[in-house]
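Hello,

Please find the structure we talked about below. My notes on it follow.

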Amino acid sequence: MTATHVPGLPVIDDGWLISTNPATGEEAGRVPVADEKAVIAAVERAKEAAVWWQGLGFDGRKTRLLRWRTLIVQRIEELAELVHRESGKPLADGTIEAVAAVEHLDWAARHAKKVLGPRRVRTRILVAEHSGHLEYQPYGVVGVIGPWNYPIVTPVGPISGALAAGNTIVFKPSEYTPVTGQWLADTFAEVVPEHPVLQAVHGLGDVGGALCRAGVNKVAFTGSTATAKKVMAACAENLVPVVLEAGGKDALIVDADADVTAAAEAAVWGAMTNAGQTCIGIERVYAVEGVYDQFVEAVVAKAGKLRTGEEIGPITMPRQLDIIRDHIEDALAKGGRAVLGGAGAVQAPFVSPTVLVDVPEDSSEIREETFGPTLTITKVRDADEAVRKANDTPYGLGGSVFGKKNAIRIARRLRSGMVAVNGTLTFVGMGNLPFGGVGESGFGRIHGEDGLREFARAKAITVRRGPSLLPAMTFERTPAQVQQIVKALRLLYGRKP
């Protein structure tokens with residue numbers, strides 16, 4: 001690396017991807033760069049390993065996944081320290097992220113058999129002589145492309161679901177956090193040394209593109225909406241299905257009967273944790289006019305206590321600093337006011353907590369994903385106006401509602417994949433709930449039963465169990481038998497419900 005190297009910016013040197021701390025510039029580690037041939041070779045190894053992994057059955061895979069879970073728990077301080085060195089996030093944040101990953105890994109391992117195992121289904125009148133059977137079969141090899149902002153919990157979601165379903169994995173971590181990704185692959189190999197069930201390949205965006213085209217059977221991607229579209233286009237070349245978790249512009253609604261103090265604490269956490277670099281982070285608040293002033297005051301008091309370099313880590317991706325600065329300046333130029341932070345908040349590699357009010361709706365701070373420790377608070381007449389404004393975005397990932405009487409009803413009206421009521425981001429901590437978005441936040445789900453089914457194909461099987469009393473699906477049927485079928489149909493379904 002040269003003396004002019006920007007801390008945190010990935011560097012490729014002599015076939016190695018070098019990862020550095022965005023706050024200090026210190027090297028966090030280095031991993032070998034994969035070219036297209038290496039990616040294809042990894043996928044071929046994964047295909048061979050899939051035969052063995054699938055042959056273990058649900059119970060055999062569960063045992064091994066729980067061993068990996070236990071290893072992560074035993075070495076959680078090591079993992080938190082690694083992600084701190086590589087991304088700059090505070091140790092406590094790294095620890096909680098690892099805890100959430102353990103939750104999802106444990107749930108997927110324990111419930112895959114129940115969710116995906118073979119079962120009988122009731123027959124229907126047209127083929128009453130046949131029994132129905134349903135099972136879920138793994139795709140084979142799943143490519144996982146992970147993000148840099150949560151390099152532990154985010155990829156572990158699809159990895160754990162796909163592995164529990166019987167797939168093998170080729171994992172491309174973000175070039176900003178490759179060492180954390182390699183740690184996950186290495187520790188899995190410690191508990192499953194027999195075959196390369198989980199492999200990591202490293203490099204820049206071209207490696208992700210190569211993975212999409214390397215013969216994988218499905219791709220799970222987490223990252224920006226712009227990159228999600230590129231991934232989808234690459235996968236479309238060979239009709240490779242995808243699950244995409246992209247950007248967000250999540251809103252928190254504070255209703256008239258909300259606990260304002262609790263709402264303010266949750267808003268600050270939702271907006272500022274991980275320095276605001278959270279796809280489900282709270283970037284907008286719509287507070288009903290009766291509680292607006294009190295809420296703003298409470299948010300400013302709480303956010304003002306946060307310190308950069310301690311509770312607020314550095315911005316991991318250096319070019320994000322320009323986006324955050326542009327959004328703040330655009331909001332102020334269009335008439336918004338900074339009640340905390342403001343134009344001088346961006347001091348690379350940190351951004352001080354910034355709270356903006358009176359920001360017009362056409363501002364980039366309202367319309368576009370900022371991905372920094374900023375928060376806009378907008379006064380609204382009532383919850384109806386809050387819902388309209390919250391939904392007025394192409395994104396639809398998460399959200400939050402604070403209130404008592406109507407909070408759940410408001411939550412149901414938000415156009416999003418997840419909503420926390422009287423909390424923020426809490427749905428991440430429940431391994432049995434699905435996670436994913438709508439609109440430009442992507443589609444498909446990870447976590448929970450839906451997340452397990454995302455990585456398995458539904459397979460329907462019918463089995464004849466006796467002769468056809470009323471044959472329907474054969475050229476041997478007679479007109480009289482067709483009439484009998486119609487008669488039976490009318491007896492069963494001919495009356496109005």
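**Thr187 and its surroundings**

The side chains of Thr187 and Trp68 are joined by a polar contact of 3.0 Å. A polar contact here is a pair of N or O atoms within 3.5 Å; within protein, one must be able to donate a hydrogen and the other to accept it, and residues adjacent in sequence count only if both atoms are side-chain atoms. This is a predicted model, in which local features need pLDDT of at least 70 and side-chain atom pairs count only at pLDDT 80 or more, while totals for chains, interfaces and linings use all residues. Residues are numbered from 1 along each chain as its sequence is written, and side-chain values use heavy atoms, with hydrogens and water left out.

Thr187 belongs to helix α6 (residues 178-191). Helices (H or I, at least four residues) and strands (E, at least two) are DSSP runs, numbered from the N terminus. With a relative accessible area of 1%, Thr187 is buried; buried means under 20%, exposed over 50% and partly exposed in between, for a 1.4 Å probe and protein chains only. Setting aside neighbours within four places in sequence, Thr187 is in contact (heavy atoms within 4.5 Å) with Trp68, Leu71 and Arg75.

**The six-stranded sheet**

Six strands form an open sheet with mixed pairing, in the order β8-β7-β6-β9-β10-β20. Its edge strands, β8 (198-200) and β20 (442-443), each pair on one side only. Two strands count as paired if DSSP finds at least two bridges between them. Strands β6 (residues 141-145) and β9 (residues 218-222) pair in the parallel sense over four bridges, and Val144 has Ala220 in β9 as its bridge partner.

Helix α5 (residues 153-165) lies across β6, β7 (168-172), β8, β9 and β10 (242-245), and runs at about 165 degrees to β7. Axes are lines fitted to C-alpha atoms, for helices over the stretch in contact, and angles run from 0 to 180 degrees between N-to-C directions.

**Strand β17**

Strand β17 (residues 374-380) is largely enclosed by the rest of the structure, because six of its seven residues are buried. Strand β12 (residues 282-288) runs parallel to β17 and is joined to it by five bridges; Tyr286 is partnered with Thr378. Strand β16 (residues 354-357) is also parallel to β17, with four bridges, and there Val355 is partnered with Leu375.

**Annotation**

The unreviewed UniProt entry annotates residues 19-461 as "domain: Aldehyde dehydrogenase". UniProt positions are given in the numbering used here, feature names are shortened, and annotations may be inferred rather than shown by experiment. This span is 43% helix and 20% strand, and its end C-alpha atoms lie 50 Å apart.

Regards
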